Amino acid sequence: MPKAVAFHLQKGGVGKTTISCTLACQSAIRGAKTLIIDCDPQGNASSWFLHSSPSYELADVLQGKCYAKDAIVPIDQVEGLYILPTFGIGGTLKLYSETKLYDEPFVILDLVSELKSEFEHIVLDLSPGLGRLERSCLIASDEIVTPMVPEVFSLDGLEIFIEELSKLKKNMHSTVRHSKIIINSFDERIRQHRDIYAAAESSGRFTCYKIPVEPLFRKAQEAGKVPQLYKVRGRGMKVATIDAIKKLDEDIWR
Ligand SMILES: Nc1ncnc2c1ncn2[C@@H]1O[C@H](COP(=O)(O)OP(=O)(O)OP(=O)(O)O)[C@@H](O)[C@H]1O
Ligand SMILES: [Mg+2]
């Protein structure tokens with residue numbers, strides 16, 4: 001069954017782009033035809049993987065200026081991996097979300113449904129916040145996975161997200177699942193990290209995962225590379241990171 005997964009928490013800089021894109025890479029490496037939809041007006045996922053500017057972007061598709069197939073481009077480092085990009089410069093998606101999206105909250109759901117005939121796995125990378133654009137993306141997904149960092153206010157942020165999502169699901173009659181949390185940049189040696197993980201797990205509502213601090217993520221992003229295939233001075237990602245990514249890949253697409 002094709003599946004669409006959004007990675008979201010309203011907080012910025014928690015690893016949404018890093019994790020969503022790394023998991024999309026993992027899915028394609030494992031052989032599933034996979035699409036990243038860059039739903040963030042900052043266009044970070046697109047600038048990570050694309051080295052030249054394609055002709056069209058997500059906002060063009062949403063506005064009917066082109067077909068999705070005209071805007072989707074392959075990420076040439078991994079067979080079967082594609083992106084529907086957003087250009088950070090120009091602000092077309094931001095403008096669209098602030099004006100026209102109000103009248104068509106299901107436009108992203110419709111697009112994702114159409115793309116499921118073409119792609120097995122669809123990953124949505126969202127911008128921080130819980131505005132109109134993020135809400136439309138959340139209800140377009142089958143599952144939402146929440147990345148968070150083990151910091152003092154992160155559990156408050158999670159509570160707010162749970163409450164807002166519950167209202168959104170009710171208002172929009174959505175059945176989107178939210179049962180997985182990723183504690184990102186986790187360091188087992190730090191007591192606060194262990195406490196936050198334990199608190200998230202003890203709620204009993206979530207399956208919790210850890211992704212360790214991984215310096216190669218930033219280096220791969222700077223170099224425009226897929227992290228699983230990138231090495232610096234002969235060294236790739238840590239074994240613990242690879243294991244965490246593989247476990248998430250196994251569980252998320254079930
Ligand atoms: N596990 C990790 N270890 C080390 N650095 C990480 C890790 N995860 C993410 N980062 C770094 O943290 C920064 C923020 O990550 P990222 O851009 O993925 O966050 P984001 O939630 O998508 O941000 P935004 O809210 O702006 O979209 C990046 O520089 C990224 O390389
Ligand atoms: Mg991001």
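A search of the whole structure, which is a predicted model, finds 17 salt bridges. Side chains of opposite charge can pair when their charged atoms come close.

Arg 30 forms a salt bridge with Asp 249, and the closest N and O atoms of the pair are 2.4 Å apart. The two residues belong to distant parts of the chain, being separated by 219 residues. Arg 30 is located in the loop between helix H1 (16-29) and strand E2 (34-39), whereas Asp 249 is part of helix H11 (residues 239-252). Asp 249 has a relative accessibility of 2% and therefore counts as buried, the cut-off for buried being under 20%.

A salt bridge also joins the side chains of Lys 116 and Asp 142, with an N to O distance of 2.9 Å. Both residues lie in loops: Lys 116 in the one between helix H6 (107-115) and strand E5 (121-126), and Asp 142 in the one between helix H7 (132-138) and strand E6 (143-148). The pair therefore ties together parts that are 26 residues apart in sequence. Lys 116 is partly exposed, at 22% relative accessibility, and Asp 142 is likewise partly exposed, at 29%.

In the pair formed by Glu 143 and Arg 177, the N to O distance is 3.8 Å. Glu 143 is buried, with a relative accessible area of 0%, while Arg 177 is partly exposed at 42% relative accessibility. Glu 143 and Arg 177 also belong to a network of salt bridges, in which they are linked with Lys 3 and Lys 180.

Helix H10 was examined for its buried residues. In this helix, which spans residues 215-223, the buried residues are Leu 216, Phe 217 and Ala 220. Seen down the axis of H10, these residues fall within an arc of 110°, and they therefore line one face of the helix. The elements that cover the buried residues of H10 include H1, helix H2 (44-49), strand E8 (207-212) and H11. Of these, H11 is the helix that holds Asp 249, the salt-bridge partner of Arg 30. Just after H10, Gly 224 takes a positive phi of about 70°.

Methods: Residues are numbered from 1 along each chain as its sequence is written. Chains are lettered from A and ligands numbered from 1 in the order in which they are written. This is a predicted model: local features need pLDDT of at least 70, side-chain atom pairs count only at pLDDT 80 or more; totals for chains, interfaces and linings use all residues. Side-chain values use heavy atoms; hydrogens and water are left out. A salt bridge is a side-chain nitrogen of Lys or Arg within 4 Å of a carboxyl oxygen of Asp or Glu. Helices (H or I, at least four residues) and strands (E, at least two) are DSSP runs, numbered from the N terminus. Buried means under 20% relative accessible area, exposed over 50%, partly exposed in between (1.4 Å probe, protein chains only). The arc is that of the directions from the helix axis to the C-beta atoms. Contact means heavy atoms within 4.5 Å.
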